[in-house]
Amino acid sequence: YLFDPLICVESLRCFFLKVPKDLTQPTYSGAVVSILCCVFMLFLFLSELTGFIATEIVNELYVDDPDKSSGGKIDVSLNISLPNLNCDLVGLDIQDEMGRHEVGHIDNSMKIPLNHGFGCRFEGEFTINKVPGNFHVSTHSATAQPQSPDMTHIIHKLAFGEKLQVQHVQGAFNALGGADRLGSNPLASHDYILKIVPTVYEDLSGKQRFSYQYTVANKEYVAYSHTGRIIPAIWYRYDLSPITVKYTERRQPLYRFITTICAIIGGTFTVAGIIDSCIFTASEAWKKIQIGKMS
């Protein structure tokens with residue numbers, strides 16, 4: 001075959017097309033678009049990076065008993081102050097529909113005298129069965145009943161299950177914490193009706209923690225015994241909800257983060273190129289119009 005230089009030149013022209021002028025000629029508008037493009041990409045990159053590092057909490061509802069390993073028990077933590085009732089008179093009673101009836105529960109409990117011995121702060125940790133029932137603070141376990149027991153009180157804490165403190169989970173885990181009944185009738189009984197909701201929190205490692213939230217309604221009334229005496233008490237009547245709330249901690253997958261970053265870079269450069277090309281074409285057309293007017 002004979003070497004034909006004309007054929008080679010035409011072939012090179014086909015392979016190496018002429019680069020558009022707007023991509024090779026520097027302009028002030030191109031510089032501004034490039035700077036804005038970099039700033040915009042940096043902003044989007046930092047936003048996506050923050051979202052990738054941070055975790056999100058996804059919640060769901062289902063019907064089941066999440067903590068089957070508990071043996072049908074729920075841990076309870078109670079902290080209450082009765083500033084006008086002596087510690088010798090304060091006791092905790094527990095009863096439920098499984099036949100449990102315990103008067104004067106003392107395991108894992110502590111009584112701290114208040115007001116120079118005239119009052120009492122009761123702190124206790126105990127378990128209840130996963131059936132409807134109640135526990136109450138009263139003078140029922142006292143050897144001698146007082147003439148006028150004063151049941152005004154402040155509830156510092158009432159919590160069920162494992163302590164759960166997560167930044168993005170706002171629940172009613174201690175709904176009665178801070179309840180102040182010091183201004184109520186001293187001889188009145190107090191009924192707190194609780195609806196306990198099982199709650200599960202699963203972190204990134206898959207570890208689960210079991211706790212309980214609860215809603216509360218309360219009423220105050222004066223109760224008389226069969227002898228006609230007033231024997232007030234602080235009742236906590238509870239029932240369990242069949243609905244379980246589950247919070248799952250999640251993080252954006254790495255592949256999605258990389259895909260998003262590539263989309264940001266490619267999309268920004270494409271849009272910036274279109275804008276710069278439009279500005280350059282308009283400026284060139286304007287220059288030709290001006291030259292035509294001058295000639």
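Predicted model: local features only at pLDDT ≥ 70, side-chain atom pairs only at ≥ 80, totals over all residues.
User: What makes Asn129 a buried residue?

Analyst: Asn129 has a relative accessibility of 7%. Buried means under 20%, so Asn129 counts as buried. The residue is found in strand β6, which covers residues 119-129.

User: How do you know that the side chain of Asn129 makes a polar contact with the side chain of Asp96?

Analyst: The distance given for this pair of side chains is 2.8 Å. A polar contact requires a pair of N or O atoms within 3.5 Å, one able to donate a hydrogen and the other to accept it. The pair of Asn129 and Asp96 therefore qualifies as a polar contact.

User: Which residues does Asn129 touch, not counting those up to four places away in sequence?

Analyst: Asn129 touches Gly72, Lys73, Asp96, Met98, Arg100 and Tyr238.

User: Why is Gln213 called buried?

Analyst: The relative accessible area of Gln213 is 11%. The limit for buried is under 20%, and Gln213 is therefore buried. Gln213 has its place in strand β11, residues 208-221.

User: What surrounds Gln213, leaving aside its neighbours within four places in sequence?

Analyst: Gln213 is in contact with several residues, among them Gly171, Ala172, Phe173, Val245 and Tyr247. For Ala172, the backbone nitrogen lies 3.0 Å from a polar atom of the Gln213 side chain.

User: Why is Phe45 described as partly exposed?

Analyst: Phe45 has 33% relative accessibility. Buried means under 20% and exposed means over 50%, with partly exposed in between, so Phe45 counts as partly exposed.

User: Which residues does UniProt list as "transmembrane region"?

Analyst: The unreviewed UniProt entry lists residues 27-46 and 254-275 under that name. In the model, the span 254-275 is 100% helix and 0% strand, and its end C-alpha atoms lie 32 Å apart.

User: What is the secondary structure of the chain, and how much of the chain is buried?

Analyst: The chain has four helices and 13 strands. Of its 295 residues, 35% are buried. Among contacts between residues at least 6 apart in sequence, 80% join residues at least 24 apart. The accessible surface comes to about 18200 Å², with 62% belonging to carbon and sulfur atoms.

Technical notes:
Residues numbered from 1 in each chain as written. Heavy atoms only, no water. UniProt positions renumbered as here; feature names shortened; annotations may be inferred. Helix = DSSP H or I, 4+ residues; strand = E, 2+ residues; numbered from the N terminus. Buried < 20%, exposed > 50% of the residue type's maximum accessible area, 1.4 Å probe, protein only. Contact = heavy atoms within 4.5 Å. Areas by Shrake-Rupley, 256 points an atom, 1.4 Å probe, with all protein chains shown as cover.
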